[in-house]
Amino acid sequence: MTAGPGVQPSGSVSFSTLERLRCRDALAWSRFAALFAPLVFHWVLKTGVHGEDAKDVVQEVFRAVVTRIDDFRRDQPNSTFRGWLFTITRNKLLAHRHHVQCQPQAAGGSTARAVLEQVAEPDLEFTDAEGLGPLCARALTLIRNEFSEASWQAFWRMVVDQQAPADVARELQISVNSAYLAKSRILRRLRQEIGSLD
């Protein structure tokens, strides 16, 4: 698989996903959106914001990420990109809540307002780890075509299905060492796809 003009190969360790985002690489932004938009939607929906409002909040989150990507730093312990993204999402949700609360009362009386006030206030406390499984699944889908079928099967059976390496090697008619190498290569590539952000 070849990289487009001006784009470093995806396997390049020196040119991380974060660096490509900061360089405004269109492919990196597309992959970033494919990986993280569902996670941000998950966070937003969990607070009770739905429909067009949820889409608006997610759009505001990504607008903030685009304008502030150069500000993200990993200077402090436990500083992760996902944590930074979570903070932006929380702030956009708080701004959305404030905006909704400041809206004038709709014409038609107090009945509708009373109903709305009975709805529980959204819970803005959620963990950074939520959505990590689906995030990895999306990243695996993105990198799947970079590996041979035998390598992918070895990785999948050992990591996902948790089969013994000797059994996997025997079933795929490869050496145990080849099975371990396939697993290692795919895990390394997965870390490059999302790990450079975390």
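Is Glu-171 buried, exposed or partly exposed? Glu-171 is partly exposed, with a relative accessible area of 48%; buried means under 20% relative accessible area, exposed over 50%, and partly exposed in between (1.4 Å probe, protein chains only).

This is a predicted model, in which local features need pLDDT of at least 70, side-chain atom pairs count only at pLDDT 80 or more, and totals for chains, interfaces and linings use all residues. Residues are numbered from 1 along each chain as its sequence is written, and side-chain values use heavy atoms, with hydrogens and water left out.

The protein holds nine helices and zero strands; helices (H or I, at least four residues) and strands (E, at least two) are DSSP runs, numbered from the N terminus. Of its 198 residues, 35% count as buried.

In the largest nonpolar core, which has 38 residues, Phe-36, Val-65 and Phe-81 touch the most other members. Such a core is a set of buried Ala, Val, Leu, Ile, Met, Phe, Trp, Tyr and Cys residues joined through side-chain atoms within 4.5 Å. Helix 2 gives this core its largest share, 10 residues.

The count of salt bridges comes to nine, each being a side-chain nitrogen of Lys or Arg within 4 Å of a carboxyl oxygen of Asp or Glu. The table lists some of them.

| Salt bridge | N to O distance |
|---|---|
| Glu-52 and Lys-55 | 3.5 Å |
| Arg-63 and Glu-60 | 2.4 Å |
| Glu-171 and Arg-157 | 2.7 Å |

Glu-171 lies in helix 8 (residues 165-172) and Arg-157 in helix 7, so this pair ties together parts 14 residues apart in sequence.
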